[in-house]
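Please look over the sequence and the structure shown here before reading on. The briefing that follows goes through the ligand site first, and then through a few individual residues.

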Amino acid sequence: MADCLFCSIVAGDIPADIVLSNDDVVAFRDIAPQAPVHVLVVPRDHHANVGELASDAPATTATLLQAAQEVAANEGVGDAYRVVFNTGAGAGQTVFHVHAHVIGGRNLEWPPG
Ligand code: AMP
């Protein structure tokens, strides 16, 4: 999709620190990490948010969650990490290409802010 930051990263037009890539998803380090491990996992195809992804491409949704687990394990936090999908501007979503935040490596408070 034109003017989509994460489509541009997936296409290789904007550089990113990619930690995992397969036919369906790409994972790269967040540019402003909120924890020692902070990786974003995105589908290659454009979907605005996780609800749309789940409705439009359930198999890719599962692949994305499997990739999140793989990233967490590879980063050494497979036993304690958080997967976050901010959905909607009111919930903090700023990039409207669905992405799972994989966060770990520090104590994670509950409830989240
Ligand atoms: P959200 O606010 O949930 O939409 O998350 C968007 C995330 O994208 C934020 O955590 C940003 O720090 C991150 N981000 C923005 N631009 C880039 C970039 N060029 N490379 C990696 N992460 C980015």
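A polar contact is a pair of N or O atoms within 3.5 Å. The model is predicted, and in it a nitrogen atom of the ligand lies 3.1 Å from a polar backbone atom of Ile 31, so this pair falls within the 3.5 Å cut-off.

**The ligand and its surroundings**

- The largest pocket is the space that the ligand takes up.

**His 47 and Glu 52**

- His 47 belongs to the loop that runs between strand 3 (37-43) and helix 2 (50-56), while Glu 52 is part of helix 2 itself.
- His 47 has a relative accessible area of 11%, and it therefore counts as buried, the limit for that word being under 20%.
- Glu 52, with a relative accessible area of 38%, is partly exposed, because this value lies between the 20% limit for buried and the 50% limit for exposed.
- Leaving aside residues up to four places away in sequence, His 47 touches Glu 52, Leu 53, Asp 56, Ala 57, Phe 96, His 97 and Val 98, and Glu 52, counted in that way, touches His 47 and Ala 57.
- Although Glu 52 and Val 98 are 46 residues apart along the chain, their C-alpha atoms are separated by 8.6 Å.

**Backbone details**

- Most residues other than glycine have a negative phi, and most peptide bonds are trans.
- Asp 3, which is not a glycine, has a positive phi near 65°; this residue lies in the segment before helix 1 and is exposed, with a relative accessible area of 83%.
- The peptide bond from Trp 110 to Pro 111 is cis, with omega near 5°, and Pro 111 is placed in the segment after strand 5 (100-104).

Conventions
Residues are numbered from 1 along each chain as its sequence is written. This is a predicted model: local features need pLDDT of at least 70, side-chain atom pairs count only at pLDDT 80 or more; totals for chains, interfaces and linings use all residues. Side-chain values use heavy atoms; hydrogens and water are left out. Helices (H or I, at least four residues) and strands (E, at least two) are DSSP runs, numbered from the N terminus. Buried means under 20% relative accessible area, exposed over 50%, partly exposed in between (1.4 Å probe, protein chains only). Contact means heavy atoms within 4.5 Å. A polar contact is a pair of N or O atoms within 3.5 Å; within protein, one must be able to donate a hydrogen and the other to accept it, and residues adjacent in sequence count only if both atoms are side-chain atoms. On a 1 Å grid over the protein atoms alone, a cavity is a set of points where a 1.4 Å probe fits but cannot get out, and a pocket is an open set with protein on both sides within 12 Å along at least five of seven lines; lining residues have an atom within 4 Å of a point. A molecule sits in a cavity or pocket if more than half of its atoms lie within 2 Å of its grid points.
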